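Here are a few notes to go with your first look at this one. Have the sequence and the 3D view open as you read.

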Amino acid sequence: MTTSHAPTTQDLAHLAFCALVALRTAMQDGVVTSPLTEHLFLIRWLATAQKQKRFTRRLAVDIQLLLDKGRQQGEKARLKKDLIFLWSSFTGDKTTHSDLYRLAQAIRQLNTQGWENILLGPPQQRARTTG
């Protein structure tokens, strides 16, 4: 069920496509020449897209999440990989990715949104399931 406030897969794929095309164009023009300039370009591009409201309001949260991640983690944020993942997730053939790959990417996306991975031992598992 899609609410009017939740982004659709088409919205997210469109955002990723536009960002990747802009990045590739900047690379061909010689503007982006290193991982650092790539990161800075994507941060600026996302900030400009947000400020100019280039995309539907449904994407505002997603754009902000990408910006926050990029600003907090710097180059380690790997924004390009996130955009490629978004694009391929919504447009590619999902059967070409292994279950483990899809699970790892889903967990990675959840971690970027503040979710924590916690391994519970047997006593903690029993307390959680019975409590």
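1. Where does R78 lie? Look in the loop between α3 and α4 (79-91). Keep in mind that this is a predicted model. The phi of R78 is near 55°, a positive value in a residue other than glycine. R78 is partly exposed, with a relative accessible area of 39%.

2. K53 has a positive phi as well, near 55°, and K53 isn't a glycine either. You'll find K53 in the loop between α2 (35-51) and α3 (60-73). With a relative accessible area of 70%, K53 is exposed.

3. Now for the rings. How many aromatic pairs does a search of the whole structure find? The search turns up two. One of them is F17 with W87, a tilted pair at 5.3 Å centre to centre, with 40° between the planes. F17 belongs to helix α1 (residues 9-28) and W87 to helix α4, so this pair ties together parts that are 70 residues apart in sequence. F17 counts as partly exposed at 41% relative accessibility, and W87 also counts as partly exposed, at 32%.

4. Then there's W45 with F55. Their ring centres are 5.9 Å apart and the planes sit at 55°, so this pair is tilted; the cut-off for edge-to-face is over 60 degrees. W45 is in helix α2 and F55 in the loop between α2 and α3, 10 residues apart. Are W45 and F55 buried or exposed? Both are buried.

5. One thing to look at side by side: the loop between α2 and α3 holds K53 and also F55. K53 is exposed, whereas F55 is buried.

How values were computed: Residues are numbered from 1 along each chain as its sequence is written. This is a predicted model: local features need pLDDT of at least 70, side-chain atom pairs count only at pLDDT 80 or more; totals for chains, interfaces and linings use all residues. Side-chain values use heavy atoms; hydrogens and water are left out. Helices (H or I, at least four residues) and strands (E, at least two) are DSSP runs, numbered from the N terminus. Buried means under 20% relative accessible area, exposed over 50%, partly exposed in between (1.4 Å probe, protein chains only). Rings of Phe, Tyr and Trp (its six-membered ring) pair if their centres lie within 6.5 Å; planes under 30 degrees apart count as stacked, over 60 as edge-to-face and the rest as tilted.
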